[in-house]
Amino acid sequence: MSQTWTQCLNTLKDTIPLSQYSIWVQPLKALEDGETLTLLAPNTQTKDYINKNLKTQIKAVVNQHNKDLKIFIAIDKKPVNNKRHATPLFEDYTFDNLVLGNANQMAYGATKQIAENIKGSPYNPFIIYGGSGLGKTHLMQAAGHLAKAQNPNLKILYVPLMDFVRNITSSLRHNNIEDIKLFYQSADLLLVDDIHLIAGKEKSQEEFFHIFNFLFNGKKQIIFTCDQPPKKIKLLEERLKTRFSQGLNLHLTPPELEMRAAILLKKSQNENINIELTEDVALFIAGHITSNVRDLEGALLKLKAFVDFSKIDNSFISKEVVEAALGDLIKPQIKNIDVNDIQKEVAKHYALTVSDLSSKSRKQHIVLARQMAIYICHELSSLSLNKIGKQFGNRDHSTVIHAIKKIKEKLENQDIKGDYDLIKLRLANL
Ligand code: ADP
Ligand code: MG
């Protein structure tokens, strides 16, 4: 801080109303080079206010202390705040935590090779594309971790595309787009996540084009993720499409059954999940959840919660427990089951005979079993209501409708729901 300014402040404090002094004068920073006193205002508003209302007064006071000093008022340009523009890498998204399979083998190999050779990779830009939840972000960040581990001095920037767009938008408002560009251009490895989201955002595309060229020409590595092959993105400038397609574009596909099971087994051992799955049970879950890895993780978390809250012994996670925990996620794929099989399973479950189900008995537990069997027949067989009625001692279709309605109500009861789930599970495994 300039010494002259420190002395001036004491005088100004007494001559300017205190509220005005503390809002406008106190925040100023001062630089003095012998000829000029530069007062740095934190923003345009302060600069304008001082120029308009206080400059004469300030000048007078300054010249009392040093009559030759010129005064200059400017805006204090803050150094670019790195934290605002980049997101740190997720700790867990490392190569070590990735399960390998046909679905990602090639992308894995390429990513690793690029990360190990960040300064001389022929694959620039490198684009990992594929559907949601398949591990694109994970793989890209694994490259960041590995590159950093090999060379801690590298500047690695990870940017979700929407953050980039937000930064561009706010830089237009604050008039500091050059700072933002300089920031991205300072990267040795730029990781841009979900680049497809740039579609239709013209200003962001324009700025990105310049950043891209700068880095590319400087032989800096760029990695993107995208939800489709870049050349297919609609509303993306042709020149960007061309640039992106020049690099290596690799596809991540949904993991196959064994890979899904391996992912479940690996993640079940994570300290935040920590449940014991057998290979059989992992295959069972993987057989039902086929979409993507994120859904597998969701299923594990649900299973963990079930095990924790129902206090089931961790080492007894059976298929039945999985069924109960995951419910809808694991709906048995059973259709068109034979009515006789349904009757047999229901009768067995309630310790009755198949003929009890067709009898005229009104005993409560027989009625429940009969209605349950009718309900499941309606759900799982393709028979009409009339035909179902015929199979249960020639009852008419209004009795069938009544039975379905009754069970619908009774499924609210946990015990009855438990019976129902178990019978269906057995039918699914016939
Ligand atoms: P995307 O970016 O393709 O939508 P993510 O990279 O966010 O998908 O992955 C979703 C979740 O699945 C993450 O928690 C990630 O760690 C996990 N994941 C994806 N692929 C694998 C894999 N091969 N092995 C282990 N975990 C994986
Ligand atoms: Mg992602």
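**Notes on the pocket and the cavity**

1. The largest pocket lies between domain 2 (105-251) and domain 3 (257-325), because both give residues to its lining. The domain bounds come from an automatic or database domain assignment. A pocket here is an open set of points on a 1 Å grid over the protein atoms alone, with protein on both sides within 12 Å along at least five of seven lines, and lining residues have an atom within 4 Å of a point.

2. Please keep in mind that this is a predicted model, where local features need pLDDT of at least 70 and side-chain atom pairs pLDDT 80 or more, while totals for chains, interfaces and linings use all residues. Residues are numbered from 1 along each chain as its sequence is written.

3. The volume of the largest pocket is about 860 Å³, taken as the space filled by probe spheres set on the points, which are joined across faces, edges and corners. Its lining counts 38 residues, with Tyr93, His138, Lys267, Val293 and Glu297 nearest the centre.

4. Helices H6 (136-150), H11 (257-268) and H13 (293-309) each give two or more residues to the lining of the largest pocket. H13 supplies the largest share, 5 residues. Helices are DSSP runs (H or I, at least four residues), numbered from the N terminus.

5. By class, the lining of the largest pocket has 15 nonpolar, 13 polar and 10 charged residues. Ala, Val, Leu, Ile, Met, Phe, Trp, Tyr, Cys and Pro count as nonpolar, Asp, Glu, Lys and Arg as charged, and the others, Gly among them, as polar.

6. What lines the largest cavity? Val159, Phe164, Tyr184, Leu190, Val192 and Phe208 do, giving 6 nonpolar, no polar and no charged residues. The volume of this cavity (points where a 1.4 Å probe fits but cannot get out) is about 30 Å³.

Note on methods. Chains lettered and ligands numbered in written order. Heavy atoms only, no water.
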